[in-house]
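Open the model in your viewer and keep the selection tool handy.

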Amino acid sequence: MEAVQRPGNELYMRAYMDGYTAGVEKAKGEIVKPYLTVEDVMARYGGISKGKAYEIMVAVRHCCNGGKLNHNGMILLSELEYWESVVDAKFKERL
């Protein structure tokens, strides 16, 4: 006995797969690492130097009581966001 394809069934399957693939593509872009490396910090602040990125990471670890990762080259994203909320926005650079 041969299965009969109904036009509504095919349209439903096509719409379902279109929605599924769109959801998968959207989810791929939302994956965020819970930690940041030196390169991530450099990219976050507009391509600053590696030394400046390390200084920011040291300041974040100092502010967060040493940091949870105990790693010299990584900090948690939550620690950086906390540090950004605490830091005074009106910073004057030295002349």
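Which residues does I75 touch, not counting residues up to four places away in sequence? Select I75 and you will find P34, Y35, L36, V41, M57, V60, R61, L69 and L80 around it, where contact means heavy atoms within 4.5 Å.

Before moving on, note that this is a predicted model, in which local features need pLDDT of at least 70, side-chain atom pairs count only at pLDDT 80 or more, and totals for chains, interfaces and linings use all residues. Residues are numbered from 1 along each chain as its sequence is written, and side-chain values use heavy atoms, with hydrogens and water left out.

Next, select helix 3, residues 50-63. Helices (H or I, at least four residues) and strands (E, at least two) are DSSP runs, numbered from the N terminus. Now colour A53, I56, M57, V60 and R61, the buried residues of helix 3; buried means under 20% relative accessible area and exposed over 50%, with a 1.4 Å probe and protein chains only. Looking down the axis, you will see these buried residues within an arc of 135° (taken from the directions from the helix axis to the C-beta atoms), so they line one face of helix 3. Turned away from that buried side are the exposed residues E55 and H62.

Show strand 1 (35-37), helix 2 (38-44), strand 2 (74-76) and helix 4 (77-86): the buried residues of helix 3 pack against them.

Finally, select L36, V38, V41, A53, I56, M57, V60, I75, L77, L80 and W83, the 11 residues of the largest nonpolar core. Such a core is a set of buried Ala, Val, Leu, Ile, Met, Phe, Trp, Tyr and Cys residues joined through side-chain atoms within 4.5 Å. Helix 3 gives the most to this core, with four residues.

How values were computed
Expected span 1.5 Å × (residues − 1).
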